[in-house]
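Keep the sequence and the model side by side. We will go from the overall layout to single side chains.

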Amino acid sequence: MDRLGWLLFACLLPLAACGAPTMEERLTQARLSLAQVNTLKDHPTPEQMTAAKGVALQSIVQGGVGIGGEGGGGVELQRNGTTWGCPFAVDVGAGTIGLQLGGQGKDVLLLFNSEDAMLDFLEGGLQLHAL
């Protein structure tokens with residue numbers, strides 16, 4: 001790892017030491033994220049929300065200088081009949097190597113149309129990529 005990579009690692013290490021957010025903090029962030037999503041032109045329709053078998057709201061931060069990574073977390077809810085079940089915490093993370101410089105934060109809303117898709121996400125089998 002080059003000097004810049006070590007510098008990035010040293011800068012991000014204190015963030016990892018802060019620990020995971022509490023469930024209350026996760027729920028507050030999820031409410032704020034959902035409110036922002038609902039202001040977008042392409043927000044989910046009431047019909048899409050009603051048909052969803054599950055939903056995940058994630059806040060993700062990513063950055064890198066040659067070597068990068070992303071991480072964050074949020075909550076996921078599963079539909080139980082006509083109501084939503086209790087929320088549970090979900091953490092996400094990834095690493096990358098390649099030409100990169102910078103960082104960003106984003107909120108992600110995932111709607112699951114089947115229980116299998118939601119279970120794949122929870123078991124780490126779901127991978128999302130965007131270019």
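Predicted model: local features only at pLDDT ≥ 70, side-chain atom pairs only at ≥ 80, totals over all residues.

Glu 70 is partly exposed, at 29% relative accessibility. Its partner is Lys 106, and their side chains meet at 3.9 Å, N to O. Lys 106 lies in strand β3 and Glu 70 in strand β1, so the pair ties together parts that are 36 residues apart in sequence. Lys 106 also counts as partly exposed, at 32% relative accessibility.

Now step back to the layout. The protein has four helices and three strands. Along the sequence they follow the pattern α-α-α-β-β-β-α. There are 131 residues in the protein, and buried residues make up 23% of them. Next, take the contacts between residues at least 6 apart in sequence: 66% of these join residues at least 24 apart.

How many salt bridges does a search of the whole structure find? The count is two. Besides the pair of Lys 106 and Glu 70, there is one between Arg 26 and Asp 91, at 2.7 Å, N to O. Arg 26 lies in helix α2 and Asp 91 in strand β3, so this pair ties together parts that are 65 residues apart in sequence. Side chains of opposite charge can pair when their charged atoms come close. Arg 26 is buried, with a relative accessible area of 6%. Asp 91 counts as exposed, at 54% relative accessibility.

Helix α2 runs over residues 23-37 and has 15 residues. From its first C-alpha to its last it reaches 21 Å, close to the 21 Å expected at 1.5 Å a residue. Which residues of α2 are buried? They are Arg 26, Ala 30, Ser 33 and Val 37. These residues cover an arc of only 65 degrees around the axis, which puts them on the same side of α2. An α-helix has 3.6 residues a turn, so residues three or four places apart point the same way. The cover over the buried residues of α2 includes β1 and β3. On the face turned away from the buried side sit the exposed residues Glu 24, Arg 31 and Gln 36.

Follow β1 next. Gln 58 is found in this strand. Is Gln 58 buried or exposed? At 2% relative accessibility, Gln 58 counts as buried. A polar atom of its side chain lies 3.5 Å from the backbone nitrogen of Gly 74. Leaving aside neighbours within four places in sequence, the contacts of Gln 58 include Gly 73, Gly 74 and Val 75. Also among them are Val 90, Val 92, Lys 106, Asp 107, Val 108 and Phe 121.

Strand β1 covers residues 54-80, and Arg 79 is found in it. Arg 79 is buried yet has no salt bridge. Which side chain of opposite charge is nearest to Arg 79? It is that of Glu 115, 9.2 Å away. The side chain of Arg 79 instead reaches the backbone oxygen of Met 49, at 2.7 Å. Beyond its neighbours within four places in sequence, Arg 79 is in contact with Met 49, Thr 50, Ala 52, Lys 53 and Trp 84.

Move to helix α3, residues 46-51, where Gln 48 lies. Gln 48 counts as partly exposed, at 40% relative accessibility. A polar atom of its side chain lies 2.8 Å from the backbone nitrogen of Thr 45. Leaving aside neighbours within four places in sequence, Gln 48 is in contact with His 43 and Leu 111. Gln 48 and Phe 112 are 64 residues apart in sequence, and their C-alpha atoms are 9.7 Å apart.

Finish at Asn 113, in the loop between β3 and α4. Asn 113 counts as exposed, at 59% relative accessibility. Its C-alpha atom is separated by 9.5 Å from that of Met 49, 64 residues away along the chain. Not counting residues up to four places away in sequence, Asn 113 touches Ala 52 and Lys 53. Ala 52 and Lys 53 are also among the contacts of Arg 79.

Notes: Residues numbered from 1 in each chain as written. Heavy atoms only, no water. Helix = DSSP H or I, 4+ residues; strand = E, 2+ residues; numbered from the N terminus. Buried < 20%, exposed > 50% of the residue type's maximum accessible area, 1.4 Å probe, protein only. Lys, Arg positive; Asp, Glu negative; His and termini not counted. Salt bridge = Lys/Arg side-chain N within 4 Å of Asp/Glu carboxyl O. Polar contact = N/O pair within 3.5 Å; in protein donor to acceptor, adjacent residues only side chain to side chain. Contact = heavy atoms within 4.5 Å. Expected span 1.5 Å × (residues − 1). Arc of directions from axis to C-beta.
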